[in-house]
Amino acid sequence: MSTTASDPLAALVSLPGVPDAVDSVRKAVDRVYGHRVMRRRSNEVTAEAALRGSRGSAALAGADWSLEEVRRRTDFSGEDEARTVGAALRLTAEAGQLLSIWRQSPLRVLARLHLVAAGGATPDDAVGRPRLAGEIVDEPLIEAPLPGAEEVAGRLEGLSRLIIAGGSAPALVTAAVVHGELLALRPFVSHNGLVARTAERIVLIGSGLDPKSICPAEVGHAEQGRAAYVAAFEGYTAGTPEGMAAWITHCGRSIELGVRESTAVCEALQRGAA
């Protein structure tokens with residue numbers, strides 16, 4: 001990844017296609033926030049976006065349930081898919097509670113997210129900490145080479161410093177890098193994809209781009225499909241300008257699709273149909 005000393009993400013902003021993606025995302029988000037329903041029923045839109053985002057993230061982790069099934073179920077114990085959906089729902093609920101900590105101590109937030117996601121399904125001594133050398137990672141979908149534990153620790157520290165320092169990069173770029181880096185590292189023994197997508201959500205909320213959390217990128221990632229998600233992520237791991245641009249624009253399109261979903265929710269609420 002090309003960087004500058006003063007702002008490590010600055011070089012990514014000018015990659016081909018990225019300025020247009022940033023502009024398109026900003027306009028889409030502004031449109032949904034300007035919807036008349038948001039003036040009086042934004043809490044309902046937020047709740048529905050959380051549910052749909054959780055469903056999308058779980059689908060990418062191998063539990064592709066219908067929205068109706070997610071809405072109907074109350075017990076998420078038992079089989080693997082149910083636990084995955086439950087983990088996604090818990091993470092989405094937790095994300096908004098961690099914003100104040102994220103900019104000061106992102107590694108604490110990531111540890112908390114893994115604890116919430118694991119929900120007792122991972123051995124206690126492996127919960128909430130980066131994996132150790134030799135530990136097996138259970139991560140569906142992502143088959144990229146797994147960095148060693150020492151590299152993981154170093155790159156997590158680098159990511160933490162990047163988040164704490166802030167910078168001038170648009171929220172889309174920062175969120176895409178956080179998401180991609182956590183997927184690449186898979187720092188925990190389980191639930192890394194769910195945690196990475198929740199971290200993306202936290203960046204989008206905390207940056208002020210989506211303060212009410214009504215633009216669920218997870219919906220868009222799922223809608224574009226697992227194959228497209230993996231292909232775009234391979235661009236991130238390649239680290240080339242073209243690959244990084246492809247990943248960032250994929251994340252931007254995912255946010256726009258999340259906006260489209262929430263716009264439909266607004267329209268349904270306006271008609272009294274939701």
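Analyst: Helices (H or I, at least four residues) and strands (E, at least two) are DSSP runs, numbered from the N terminus. The model is predicted, so local features need pLDDT of at least 70 and side-chain atom pairs pLDDT 80 or more, whereas totals for chains, interfaces and linings use all residues. Residues are numbered from 1 along each chain as its sequence is written, and side-chain values use heavy atoms, leaving out hydrogens and water.

User: How many helices and strands does the chain have?

Analyst: Read from the N terminus, the elements run α-α-α-α-α-α-α-α-α-α-α-α-α. The count for the chain is therefore 13 helices and zero strands.

User: What is the radius of gyration of the chain?

Analyst: The C-alpha trace spans about 55 × 45 × 35 Å along its principal axes. For 274 residues the globule rule gives 19 Å (2.2 Å times the number of residues to the power 0.38, for a radius taken over C-alpha atoms). The chain is close to that value, so it is as compact as a globular protein of that length, with a radius of gyration of 18 Å.

User: How are H9 and H13 oriented to each other?

Analyst: Helix H9 (residues 171-185) packs against helix H13 (residues 241-271) with the axes 9 Å apart and at an angle of about 110°. Axes are lines fitted to C-alpha atoms, for helices over the stretch in contact, with angles from 0 to 180 degrees between N-to-C directions. Under 35 degrees counts as roughly parallel, over 145 as roughly antiparallel, 65 to 115 as roughly perpendicular and the rest as oblique. H9 and H13 are therefore roughly perpendicular.

User: How many residues of the contact of H9 with H13 are nonpolar?

Analyst: In contact (heavy atoms within 4.5 Å), Leu 172, Val 173, Ala 176, His 179, Gly 180 and Leu 183 of H9 meet Trp 247, Ile 248, Cys 251, Gly 252 and Ile 255 of H13. Of these residues none is charged and three are polar, while the number of nonpolar ones is eight.

User: Is His 35 buried or exposed?

Analyst: His 35 lies in the loop between helix H2 (18-33) and helix H3 (42-60), and, leaving aside residues up to four places away in sequence, it touches Cys 266, Glu 267 and Gln 270. Its relative accessible area is 12%, and with a 1.4 Å probe and protein chains only, under 20% is buried, over 50% exposed and in between partly exposed. His 35 is therefore buried.

User: What is the relative accessibility of Leu 107?

Analyst: Leu 107 lies in helix H7 (residues 106-118) and touches Leu 156, Glu 157 and Ser 160, not counting residues up to four places away in sequence. Leu 107 counts as partly exposed, because its relative accessibility is 29%.

Conventions. Nonpolar A, V, L, I, M, F, W, Y, C, P; charged D, E, K, R; others polar.
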